[in-house]
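Biologist: Hi! I'm new to this one, could you walk me through it?
Modeller: Happy to, let's bring it up and go piece by piece.

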Amino acid sequence: MQAITIQTEQEGHPLVWQTVADPTYQADEVLVDIQATAINRADLFQRAGHYPPPPGASEILGLEMAGQIKAVGVDVTNWQVGDRVCALLPGGGYAELVNVPTDMLMALPDDWSYEQGAAISEVFLTAYVNLFMEANLQAEETVLIHGGGSGVGTAAIQMARQAGCRVFTTAGTAEKVAYCEKLGAELAINYKQADFAKQIQQYTDHKNPVDVILDIVGADYFARNIQLLNLRGRLVFISTLSGAKTQLDLRQLMGRRLRVIGSVLRSRSLVEKVEIKQRFLNQFWPSFLDGTIKPIIDSVYPIQQVNEAHEQIRKNRNIGKIVLKVV
Ligand SMILES: NC(=O)c1ccc[n+]([C@@H]2O[C@H](COP(=O)([O-])OP(=O)(O)OC[C@H]3O[C@@H](n4cnc5c(N)ncnc54)[C@H](OP(=O)(O)O)[C@@H]3O)[C@@H](O)[C@H]2O)c1
């Protein structure tokens, strides 16, 4: 098959579309003919050599895909050749073929494009597990989602709104702020122009107004995040874009009974991922089917132009997902 490989010996680690070995598939897996995949920020870290795939995962980039089943393992009874599917992957999405355990497959509705299907798995499952499982976000709670214009942010805003929460968010441009409001954020703050914590405190007239925070920024926001949390508030870290080292007065946690949670999706076991996928489908798939929630697609590139597409992500230009078409 053809796949993207990382030229680690060259400066900038350029990505090249070239011939590699086909993946093999197990008795309980299917082989999927990938039609579209999508970029995640983590792909840039992996490409730079800072985020190796978990043991046993493909070395090829790509944490999600949509495509058509090309072959099924001998034990597979509930999926057939030709079925349209999408799935979260531990790697291997930037390619023509990938093997997927059947328990991770999600059926792609007939009227959805493969590009739409490819833009769901990683960001919606990440937002889902962290908001609704790790932080146990409940209806009528207030949630602050940092990086509202990111792939994960656009997913998190929509699901939190759909779950009946008040949503506050931060983003770095006026265009992203406006888009987050369109997606349902009650208050979207340009963090480059105003202190988000002060804005939220003024807006709510409350010193500790937030129940749950989904954070990708880390060190720079830590003190302000802690300050904003309400009694029994939860702060979930899924990235540390500004740095990972910080200080904490532990008494702040005790007094308001706060919880600070760190979380990754990729290295979890298959059993955990299947549970996350199933709970996500049960709670939110009907909202996808009726169009209330949508994958937000910034742009679509042919996979051969992946270097240009990565550059857009690196420069923080995307709102939602950048999809790579594999044909
Ligand atoms: N732990 C997990 O399991 C998991 C899973 C998936 C994703 N993630 C993480 O979640 C984050 C979002 O992923 P994604 O693929 O959706 O990202 P993305 O679409 O590439 O968006 C990331 C956005 O973060 C903002 N940003 C970058 N540096 C920043 C900084 N120093 N301070 C504040 N904002 C900054 C930028 O938007 P602005 O223009 O608004 O600054 C950028 O567009 C990434 O950091 C990713 O690694 C973690």
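Biologist: Let me start with strand S8, residues 142-145: how many bridges join S8 to S9, and do they run parallel or antiparallel?
Modeller: Four bridges join S8 to S9, and the two run parallel. Bear in mind that this is a predicted model.

Biologist: Which residue stands opposite Leu144 in S9?
Modeller: Phe168 in S9 stands opposite Leu144. Phe168 also has a bridge partner in S10, namely Leu187.

Biologist: And how do S9 and S10 pair?
Modeller: S9 (residues 166-171) and S10 pair in the parallel sense, over four bridges.

Biologist: In what order do the strands of that sheet come?
Modeller: It is an open sheet of six strands, in the order S10-S9-S8-S11-S12-S13, with parallel pairing. The edges are S10 (187-190) and S13 (259-262); each has a single partner strand, so one side of each is left without a neighbour in the sheet. On average, neighbouring strands here are turned by 15 degrees against each other, direction ignored.

Biologist: What holds paired strands together, in general?
Modeller: Strands of a sheet pair through backbone hydrogen bonds, either parallel or antiparallel.

Biologist: Back to S9, then. Why is S9 described as largely enclosed?
Modeller: Five of the six residues of S9 are buried, so S9 is largely enclosed by the rest of the structure.

Biologist: Which strands does helix H5 touch?
Modeller: Helix H5 (residues 174-183) packs on the sheet and touches S9 and S10. The direction of H5 makes about 170 degrees with that of S10.

Biologist: Changing topic: how does S5 pair with S4, parallel or antiparallel?
Modeller: S4 (residues 64-72) and S5 pair in the antiparallel sense over five bridges. Within that pair, Ala66 stands opposite Cys86 in S5.

Biologist: How many bridges join S5 to S7?
Modeller: Two bridges join S5 to S7 (residues 106-107), and these strands run antiparallel. There, Val85 stands opposite Ala107 in S7.

Biologist: How many of the residues of S5 are buried?
Modeller: Four of the five residues of S5 (residues 84-88) are buried, so S5 is largely enclosed by the rest of the structure.

Biologist: Now the ligand. Which residues are closest to the ligand?
Modeller: The closest are Ser150, Gly151, Gly172, Ser239 and Leu265, out of 27 residues that surround the ligand. The elements that give two or more residues to this shell are helix H1 (41-47), helix H3 (121-134) and helix H4 (151-162). H3 has the largest share, three residues.

Biologist: What classes of residue are in the shell around the ligand?
Modeller: The shell has 11 nonpolar, 13 polar and three charged residues. Domain 1 and domain 2 each give at least three residues to the shell.

Biologist: Where do those domains lie in the chain?
Modeller: The domain assignment gives domain 1 as 2-120 + 295-325 and domain 2 as 123-262. The contact takes eight residues from domain 1 and nine residues from domain 2. On the side of domain 1 that touches domain 2, four are nonpolar, three polar and one charged. Taken over C-alpha atoms, the domain 1 and domain 2 centres are separated by 29 Å.

Technical notes. Residues are numbered from 1 along each chain as its sequence is written. This is a predicted model: local features need pLDDT of at least 70, side-chain atom pairs count only at pLDDT 80 or more; totals for chains, interfaces and linings use all residues. A residue is buried if 20 or more other C-beta atoms lie within 10 Å of its own, exposed if 12 or fewer, and partly exposed in between; C-beta atoms are placed from the backbone. Two strands pair if DSSP finds at least two bridges between them. A residue is near a molecule or strand if its C-beta atom, placed from the backbone, lies within 6 Å of it. Ala, Val, Leu, Ile, Met, Phe, Trp, Tyr, Cys and Pro count as nonpolar, Asp, Glu, Lys and Arg as charged, and the others, Gly among them, as polar. Domain bounds come from an automatic or database domain assignment. Two residues are in contact if their C-beta atoms, placed from the backbone, lie within 7 Å. Axes are lines fitted to C-alpha atoms, for helices over the stretch in contact, and angles run from 0 to 180 degrees between N-to-C directions.
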